[in-house]
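The report below looks at selected residues, their surroundings and some backbone features. The sequence and structure come first, and the description follows.

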Amino acid sequence: MSITINGASKRIGLTLSGGGFRAAAFHLGVLRELRARKLLDKIDLISCVSGGSIAGAFLALHWHDPLALDKLDRYLATRSIAVGSVIGGTLDPFHTRLDKLAETYERDLFHGKKLGDLAEGPRIYVNSTNLATGNMFSFIAGARGKSEMGDYELGFVEAPHFPIARAVAASSAFPPVFPPLRLDEKVYKHAAQCDYVTLSDGGVYDNLGINPGLAALNKLDYLLVSDGGKPYAIKTEPTESGALVLKEGLDIMMEQIRGLQFDRLEHRHKAGAGPRPLWFSIDSEEGESTPGDSVFASSIATNLKALKDAERAVLARHGGALVAARIQRWAPELAQ
């Protein structure tokens, strides 16, 4: 799937951040713009987190379907799953809220498909956070390679029959709304090293999903980073509540990690140890096509509720404009 530039084959990676349906719709605009530039089918690797995993896994499963992006747009316009999953999991003594979340993904998006069914698309990493080791735990498939799951510390196992819906549910199980996904040694043999593992939202570890893009084994030349996460906003009336300080503290730490990851991308590339990075965040005014798009897009809440037509329109327009601007400025050779 690589692209040829000046006679040389180049590999492109794309990361899709977390951020609920807001991020998924923002990424949808990015994907549409890449398709318009005939770059989408040149993508070699997709690394996705939480809301980005909804978009990334669906696209990878329907890689050769010209209507895939339209179907994803309809899904984001017509489904509100968080509330139903929470209520269902609370009332059902035999299933958790995470199980209910996975069931909605199964019903509406993945229809019983497994990791092995992603073989015809690019290499994809659906990322979650392993609460046993504190590492990124990835479900990996595509590019006609092995389908596997694991993290670098405990190890990986082949997993062609693991449901895509459950992988995406683990990746998007944002706390405390959804409990983590538990895997024991029957499903993931390396879990025996710590009795069992639990997997939470990938954004707990890295909301941008950058690690796979920097891995030497993936040999990328370019890495597009689509950041649809909620930016930290200046508080005109900062909280004085002890309980809310914890939430604000977590938001601040995520903002710090976000900035450090961008620095990491830049310095790795300058050191000749990483791909050329092209990143863009939802609150960026640089490259927006319509004044105010960044402010409006950033203000949309982080949840899994159906988006209004106006919200989807601005998010998609903004995502497409930002990726176009970054390519034009930092990698114009990709635009030719």
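## Asp201 and its surroundings

Leaving aside neighbours within four places in sequence, Asp201 is in contact with Val49, Ser50, Ser128, Thr129, Ala170, Ser171, Ser172, Ala173, Phe174 and Pro175, where contact means heavy atoms within 4.5 Å. Asp201 itself belongs to strand 10, which covers residues 196–201; helices (H or I, at least four residues) and strands (E, at least two) are DSSP runs, numbered from the N terminus. With a relative accessible area of 6%, Asp201 is buried, a class that means under 20% relative accessible area, whereas exposed means over 50% and partly exposed lies in between, with a 1.4 Å probe and protein chains only.

This is a predicted model, in which local features need pLDDT of at least 70 and side-chain atom pairs count only at pLDDT 80 or more, while totals for chains, interfaces and linings use all residues. Residues are numbered from 1 along each chain as its sequence is written, and side-chain values use heavy atoms, with hydrogens and water left out.

## The annotated pair

In an unreviewed entry, UniProt lists Ser50 and Asp201 under "active site"; UniProt positions are given in the numbering used here, feature names are shortened, and annotations may be inferred rather than shown by experiment. Although these residues are spread over 152 residues of sequence, they cluster in space, with a largest C-alpha distance of 6.1 Å. The lining of the largest pocket includes both Ser50 and Asp201. On a 1 Å grid over the protein atoms alone, a pocket is an open set of points with protein on both sides within 12 Å along at least five of seven lines, unlike a cavity, where a 1.4 Å probe fits but cannot get out, and lining residues have an atom within 4 Å of a point.

Ser50 sits in the loop between strand 4 (43–49) and helix 2 (51–61), and it is buried, at a relative accessible area of 5%. Beyond its neighbours within four places in sequence, Ser50 is in contact with Gly18, Ser171, Ser172 and Asp201. The side chains of Asp201 and Ser50 are joined by a polar contact of 2.8 Å, that is, a pair of N or O atoms within 3.5 Å of which, within protein, one must be able to donate a hydrogen and the other to accept it, residues adjacent in sequence counting only if both atoms are side-chain atoms.

## Backbone features

Most residues other than glycine have a negative phi, and most peptide bonds are trans. A cis peptide bond, with omega of about 0°, joins Pro175 and Pro176, and Pro176 is placed in the loop between helix 6 (164–171) and strand 9 (181–184).

Asn6, although not a glycine, has a positive phi of about 50°; it is found in the loop between strand 1 (3–5) and strand 2 (8–10) and counts as exposed at 81% relative accessibility. Lys38 also has a positive phi, near 60°, and lies in the loop between helix 1 (20–36) and strand 4, where it is exposed with a relative accessible area of 64%.

## Gln261 and the cysteines

Gln261 lies in helix 9, residues 242–270, and counts as buried at 8% relative accessibility. Leaving aside its neighbours within four places in sequence, Gln261 is in contact with Asp206, Leu208, Ile210 and Asn211.

When a disulfide is taken as a pair of cysteine sulfur atoms within 2.5 Å, the count comes to zero. Cys48 is buried, with a relative accessible area of 0%, whereas Cys194 counts as partly exposed at 29% relative accessibility.
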